Amino acid sequence: MDKVAELKSKEIYEILFPTIGIFLPLLEEKRAEITSTPKRTFKFGDNERHKLDIYYPSEAPTSGKTPVLFFIYGGGFAAGARSQPPPADLGYGNLAHYFTKKGFITIIPDYRLMPEVTFPGPMQDVKSAIKWVLENDHALRHGNITDPDTDGVFLMGHSAGGVNVATVLLYPEIVDKELLSKIKGAVLISAVYNFDPQLAPTTAPDVLDQFWGGSDEFAKKCPYALLKNASVDTVEKLPKILMVESEADPDSFIAVGTEWQKLLDEKTKEKHDKVIAKGHNHISITWALSTGQGEEWAEKVAEWLKSL
């Protein structure tokens, strides 16, 4: 983590490859352990991107059912994959390995990206992946895992993935009440909740135009706007929500995260916690998992999930 601290910039495109480069050798040392996690791949739709990986714990819990966690990665709606090409091929598998060690069946779906799709295409894919798993729960059974908990699954999204999760929970054209009843908790990590070109330029101009359809459309469809305009019924059906933020996230992300947390507290009339990932930047927070370094934030998240 000392090397992460040496990266003074908070800008995502400036720290992306240097940060990954820090963790590649650390993950390589754990390759055998990480890749030993049982994994199967399934197709949940017709598109080539409609695939998901399911990672299984080695042991079932001593009592109760095995909890199910979906992780939705980021990438600005223009990049990202459930598995990375070498030498970064342990990326996201490291996260799945970490949470399977905590006892969670961990699922990482792909979703379509721009320019193939615009809003709300990726969010529809995430919803489809969740529904497919719940309707095909045989896919959750493997080895010692014979009793998955499909009555209360968890969602976790990082960056654009957090936007996907929030949109699945709030966007009227996507919200599925039956599906929401199956979601017990959601973890939103450094999501782009809002956009202000002066105070919080969280979205690249090309993404703002090509994916969202411009700033006016973003202002209507971003998570902050969806929550602000959500009906009482929609808010009441929201699962428990935990926010996570990297200590060295871009200032704009921190600003909109503070606004989102305040609005969430007001709308739900509940106080929501936020976990600060000490020493982390926007990229290191996921890449550090399974290295033995910088995992404290995930330990808190796992405890929160289990408390539900």
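Select R31 and E28 in this predicted model: the two side chains form a salt bridge, with the closest N and O atoms 2.7 Å apart. R31 is partly exposed at 24% relative accessibility, and E28 is partly exposed at 41%.

D89 has 27% relative accessibility and counts as partly exposed.

Next, select D53 and R82, a salt bridge whose closest N and O atoms are 3.0 Å apart. D53 lies in strand β2 (residues 51–55) and R82 in the loop between β3 and α4, so the pair ties together parts 29 residues apart in sequence. D53 counts as buried at 2% relative accessibility; R82 is buried too, at 14%.

Now go to the largest pocket, with a volume of about 910 Å³. Select I12, Y13, G75, G76 and H282, which lie nearest its centre among 39 lining residues. Colour the lining by class to see 24 nonpolar, 12 polar and three charged residues. Helix α2 gives the largest share, five residues.

Finish at the second largest pocket, which holds about 330 Å³ of space. Select V235, L238, T268, E270 and H272, the residues nearest its centre, out of 19 in the lining. Elements supplying two or more lining residues are α11 (232–236), β7 (240–248) and α12. This lining has nine nonpolar, three polar and seven charged residues.

Definitions and conventions. Residues are numbered from 1 along each chain as its sequence is written. This is a predicted model: local features need pLDDT of at least 70, side-chain atom pairs count only at pLDDT 80 or more; totals for chains, interfaces and linings use all residues. Side-chain values use heavy atoms; hydrogens and water are left out. On a 1 Å grid over the protein atoms alone, a cavity is a set of points where a 1.4 Å probe fits but cannot get out, and a pocket is an open set with protein on both sides within 12 Å along at least five of seven lines; lining residues have an atom within 4 Å of a point. Grid points are joined across faces, edges and corners, and a volume is the space filled by probe spheres set on the points. Helices (H or I, at least four residues) and strands (E, at least two) are DSSP runs, numbered from the N terminus. Ala, Val, Leu, Ile, Met, Phe, Trp, Tyr, Cys and Pro count as nonpolar, Asp, Glu, Lys and Arg as charged, and the others, Gly among them, as polar. A salt bridge is a side-chain nitrogen of Lys or Arg within 4 Å of a carboxyl oxygen of Asp or Glu. Buried means under 20% relative accessible area, exposed over 50%, partly exposed in between (1.4 Å probe, protein chains only).
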